[in-house]
Amino acid sequence: MHFCLLGTVAVTTGSEELVLGPVKRRSVLAMLLLRPNSAVPVEQLISCLWEEEPPAHARTVIQGHVSRLRATLAEAGADAHGVELTTHGSAYQLRLPEQLVDAQRFSELLYRARPEAAPDEAVGLLRQALDLWRGPALTGTVASPPFAAAAHALEERRLAAVEALARAHGMLGQYEKAADALHPAAVANPLREGLIADLMLALYRIGRQSDAIAWYHRTRQLLDDDLGVDPGERLRAAYEEILRAAPAAAAPRAAGTAGRNAHQEFTESPDRGRPGAPAQGPAHAQAPVQGGPQAHGETHGQGRPAAVPPQAAPQAAAPVPGPQLLPRPPAGFLGRDRELAVLTRLTLPAAEPGGPAPAGLPPEGGVTLVTGPAGVGKTGLAVHWGHAHAAAFPDGRLFADLRGFSGGEEVAPAEVLREFLLALGTPADRIPPSPEAAGALYRSLVADRRLLVVLDNARSSAQVRPLLPGGPRCATLVTSRSRLDGLIATDAARPVRLHALGPEDGVALLGALLGPERVAEDPEAAHELVALCDGLPLALRAASAQLLARPRWRLARLATALRDERRRLTLLSAEDAGVAAALRNSVTRLSADDARLLRALGTGFAREVNTAEAAALAGADPELIQDGLERLAEVHLLDEEATNRYVMSDLVKLFAQDSGDGKDRQEGR
């Protein structure tokens with residue numbers, strides 16, 4: 001006979017599960033199992049079962065549930081297993097060998113596991129412990145604070161077991177298995193900073209640096225959005241260690257190698273991995289990046305030392321590679337051949353066949369500006385190009401999301417400079433406190449390097465300028481929903497305007513996401529989907545997510561649903577990655593007057609207007625409206641297709657209508 005709390009509350013005998021009856025009876029049993037061999041007062045059971053005012057006959061109800069539980073256990077042969085449900089005045093006690101309760105067995109296995117002292121044994125014990133879980137603890141009990149607190153306490157112990165298992169794998173150098181253990185828990189607990197930090201380090205040590213950095217930025221954004229706080233010391237320390245590109249990640253030790261050094265490498269306290277912590281011992285001294293300057297205290301590998309057994313210590317450390325902060329390449333990227341060629345011509349003109357650089361362009365380096373509306377794929381284009389031309393930048397590739405149009409507060413240049421300096425090997429305690437001095441150090445460090453800098457999602461030219469490297473061999477890609485005319489004027493940035501995908505490229509993207517066979521079943525519907533999505537890659541990916549979640553749907557069914565303009569934006573949403581969310585982030589950056597103008601244009605009947613028509617819709621002075629139209633075009637909410645002719649895409653128009661309706665309802669109230 002076994003009693004289960006780690007999942008749905010249940011009692012099993014052999015392969016059979018006893019019928020326990022209604023939720024409150026199951027809840028009485030759960031409370032008795034949470035305190036095995038202890039008397040549980042009736043008053044406590046009543047407070048657990050009825051969160052609000054209990055009924056007058058609550059004691060009688062409890063007595064009836066206990067009586068039925070006693071009979072059920074007796075019929076299943078409880079006596080033979082040493083199980084007895086007894087009454088002690090106004091309390092009840094469930095006597096049983098505690099090893100029959102899965103929660104007690106779990107605690108015993110967790111107690112016996114010693115990841116630091118015996119990692120091999122700990123892996124086996126912890127896997128046995130975690131295998132006892134069959135779902136959220138105490139499932140099937142009443143929703144009351146006492147049960148919620150008990151379930152939370154059990155879940156905390158489960159997460160502690162996951163973290164201990166990852167530590168044991170880390171002791172053995174099995175960082176991939178550590179990441180596999182941590183990942184599901186991190187997805188389910190996105191604000192648990194210690195767990196995220198361990199996952200980041202595990203990913204980093206198996207060469208997945210971009211994934212590790214993405215976890216940090218995702219968690220930082222969630223902490224800011226949900227709690228209004230910055231990352232804690234442990235999460236920051238893990239991130240800064242990764243930015244310093246410690247060479248320990250390049251060659252993790254083979255599985256099965258145990259020892260104190262391996263444990264230190266994976267589970268040191270935050271103080272050992274703090275910014276600027278010195279490397280331990282001469283064997284861990286690191287050479288600078290080849291071609292990098294030695295001035296300004298630039299050092300590489302100043303973080304946690306690599307775990308190398310003494311007998312295998314090399315005579316001379318290999319040079320540390322340049323920082324590689326680019327996110328992983330975008331999945332399903334295709335097309336954009338013309339835009340990619342333009343990027344190469346502008347960013348690496350010396351590499352293009354056919355002679356010298358075009359007139360007015362430097363032989364290499366400079367600033368290239370990729371602009372376009374929300375969801376058109378600017379970030380994907382820049383990241384794809386950066387990976388495709390990695391060989392052109394042997395000294396590294398830096399990346400920063402400036403969050404100019406991400407809904408929250410944009411990133412201050414000083415924060416990005418700190419991240420870049422850490423990635424370039426500058427100890428944290430040697431980074432100048434003033435943004436001006438930090439910028440000067442950054443430009444000095446990269447002056448002679450062949451380096452790519454990608455500044456994504458910029459809001460303004462002022463946000464970008466302090467981050468420009470300035471070295472003649474550095475290339476900078478900036479992406480923005482705004483045209484950033486100021487950057488063109490002051491820094492000779494070369495603009496690349498990114499437009500929506502054409503019909504054929506849009507259908508090809510659907511084929512890459514859904515599989516060519518599914519698209520070939522109904523090519524006409526595929527073309528209609530591209531049109532209904534305005535050719536935006538973000539919208540097409542959201543539509544594909546809808547179809548992948550519904551494998552029996554034909555493309556025509558989704559196209560029919562998208563024809564309903566009231567549902568289109570909702571259907572083109574995938575959690576926080578939908579078209580409406582992207583447009584909302586653009587609109588929140590508008591002034592109140594420009595937002596009202598956008599709503600007025602959205603509620604108009606025409607997709608194309610001139611200044612006079614827009615002024616009539618908005619009921620405002622034409623000169624003021626002209627300036628407003630220009631500002632909307634500057635952030636690509638409108639397109640100026642000809643002089644004084646402005647076009648609004650269908651998706652922007654639908655969003656503006658929804659925004660206007662919501663605003664009108666709010667003002668009406």
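User: Why is E43 called partly exposed?

Analyst: E43 has a relative accessible area of 42%. Buried means under 20%, exposed means over 50%, and partly exposed is what lies in between (1.4 Å probe, protein chains only). E43's 42% falls in between, so partly exposed is the label. Keep in mind that this is a predicted model: local features need pLDDT of at least 70, side-chain atom pairs count only at pLDDT 80 or more, and totals for chains, interfaces and linings use all residues. Residues are numbered from 1 along each chain as its sequence is written, and side-chain values use heavy atoms, with hydrogens and water left out.

User: What makes R59 and E43 a salt bridge?

Analyst: Distance. The rule asks for a side-chain nitrogen of Lys or Arg within 4 Å of a carboxyl oxygen of Asp or Glu. For R59 and E43 the closest N and O atoms are 2.3 Å apart, so the pair passes that test. The two are 16 residues apart, with R59 in helix α3 (residues 58-75) and E43 in helix α2 (residues 42-49). Helices here are DSSP runs of H or I with at least four residues, strands are runs of E with at least two, and both are numbered from the N terminus. R59 is partly exposed too, at 43%.

User: What ties R645 to E613?

Analyst: Another salt bridge, with the closest N and O atoms 3.8 Å apart. R645 is in strand β14 (residues 645-647) and E613 in helix α26 (residues 611-618), so parts 32 residues apart in sequence are tied together. R645 is partly exposed at 25%; E613 is partly exposed at 36%.

User: How many salt bridges turn up in the whole structure?

Analyst: The search finds 28. Some link up: E156, E163 and R192 form a network.

User: Why is strand β9 called mostly covered?

Analyst: Strand β9 (residues 452-456) has 5 of its 5 residues buried. Both faces are covered, with L452, V454 and D456 on one side and V453 and L455 on the other.

User: What makes β8 and β9 a pair?

Analyst: Two strands pair if DSSP finds at least two bridges between them. Strand β8 (residues 397-401) and β9 have 5, in the parallel sense, so they qualify. R397 stands opposite L452 there. On β9 and strand β10 (residues 475-480), the count is 4 bridges, also parallel, and L452 stands opposite A475.

User: What makes L191, L227 and V229 a nonpolar patch?

Analyst: Patch members need over 30% relative accessible area and no salt bridge; nonpolar side chains (Val, Leu, Ile, Met, Phe, Trp, Tyr) are joined within 5 Å, like charges within 9 Å. L191 is at 32%, so it clears the area cut-off. L191 sits in the loop between α7 (175-188) and α8 (193-205). The patch covers about 230 Å², with areas from the Shrake-Rupley method.

User: Which residues gather in the patch of negative charge?

Analyst: D224, D225, D226, D230 and E409. Asp and Glu count as negative, Lys and Arg as positive, while His and chain ends are not counted. D226 belongs to helix α9 (residues 209-227).

How values were computed:
Areas by Shrake-Rupley, 256 points an atom, 1.4 Å probe, with all protein chains shown as cover. Charge placed at Lys NZ, Arg CZ, Asp CG, Glu CD.
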